[in-house]
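These are my notebook entries on a single model, written in the order in which I looked things up. The structure comes first, and the entries follow.

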Amino acid sequence: TRSMFFLRHTMNCPNAPRGTNTLGEVPYNNFYQVDELRDLAYRIVNKYADHSPCPPFKLIVYWVHKHVKYVTDQQQFGVNDFWLFPEETLLTGMEDCDGLAFLTASLLEAYGYPTRVCMGYSPFGYHAWVEFFDGNESYIVESTMGKIYHISDARKLHYVPEIYITPNGCATPDSFQERTY
């Protein structure tokens, strides 16, 4: 059921930092591009499905890790924080944690997995990562490394979300119906 990732109490999403298509006036959840990436999500899965016993979500995470290089905004743009939309990330072929998280979440969501982009604290400092539900279990995707962890590992891996972002809005951790750790 998708209810695990529906927001019980939405709040206005903060505006993202300035990006190529923004002046810092775009709410976080607008960085999901589900409809725009639906065809790509299915092409990724179909390309590898015959050759791999992996579930579709692993194929998508692997594809993003293989095709988009992690670089900091300082390296790429000369500033501390600069957000790209997923389609822009695909064009540049590189992005930092927020860009990789929104690209991965958009592709997973487009394939039918409920997702949320989490922003908060991790072993890497302030960070963005993806959580998704495959119909049975919840997982964390560390898009910068192409790794997938069971949600129960979040605490021992020191992932502490401060805000959740879904295509429908934003919320703080205590406003979700369920968190499985």
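I began with contacts, taken as heavy atoms within 4.5 Å, and found that residues 24 or more positions apart account for 60% of those in the protein with a separation of 6 or more. I note here that this is a predicted model, in which local features need pLDDT of at least 70 and side-chain atom pairs count only at pLDDT 80 or more, while totals for chains, interfaces and linings use all residues. Residues are numbered from 1 along each chain as its sequence is written, and side-chain values use heavy atoms, with hydrogens and water left out.

For the secondary structure I used DSSP runs numbered from the N terminus, with helices as H or I of at least four residues and strands as E of at least two. The protein has five helices and eight strands, and from the N terminus on the elements follow the order α-α-β-α-α-β-α-β-β-β-β-β-β.

Helix H5 was my next entry. The expected span of a helix is 1.5 Å times one less than its number of residues; for the 15 residues of H5 (97-111) this gives 21 Å, and the end C-alpha atoms are 21 Å apart, which agrees. Of these 15 residues, 14 are buried, and the helix is followed by Gly112, whose phi is positive, near 115°.

I checked helix H2 (56-67) in the same manner: its 12 residues should span 16 Å, and its end C-alpha atoms lie 17 Å apart, which agrees. Its buried residues are Phe57, Leu59, Ile60, Val61, Trp63 and Val64, and what covers them includes helix H1 (34-49), H4, H5 and strand S4 (125-133).

Which aromatic rings pair? I paired rings of Phe, Tyr and Trp (its six-membered ring) with centres within 6.5 Å, calling planes under 30 degrees apart stacked, over 60 edge-to-face and the rest tilted, and the count comes to 16 aromatic pairs. The rings of Trp83 and Phe102 have centres 5.6 Å apart and planes at 50°, so this pair is tilted. Trp83 lies in the loop between H3 (73-77) and H4 (86-92) and Phe102 in H5, 19 residues apart, so I record the pair as a link between distant parts of the chain. Trp83 is buried at 2% relative accessibility, and Phe102 is buried at 1%. Phe132 and Tyr139, with ring centres 5.3 Å apart and planes at 25°, are stacked, and both residues are buried.

Cys54 is partly exposed, with a relative accessible area of 35%, whereas Cys97 is buried at 13%.

My last entry is His158, a residue other than glycine with a positive phi, near 70°. His158 is found in the loop between S6 and strand S7 (160-166), and is exposed, with a relative accessible area of 54%.

Definitions and conventions: Buried means under 20% relative accessible area, exposed over 50%, partly exposed in between (1.4 Å probe, protein chains only).
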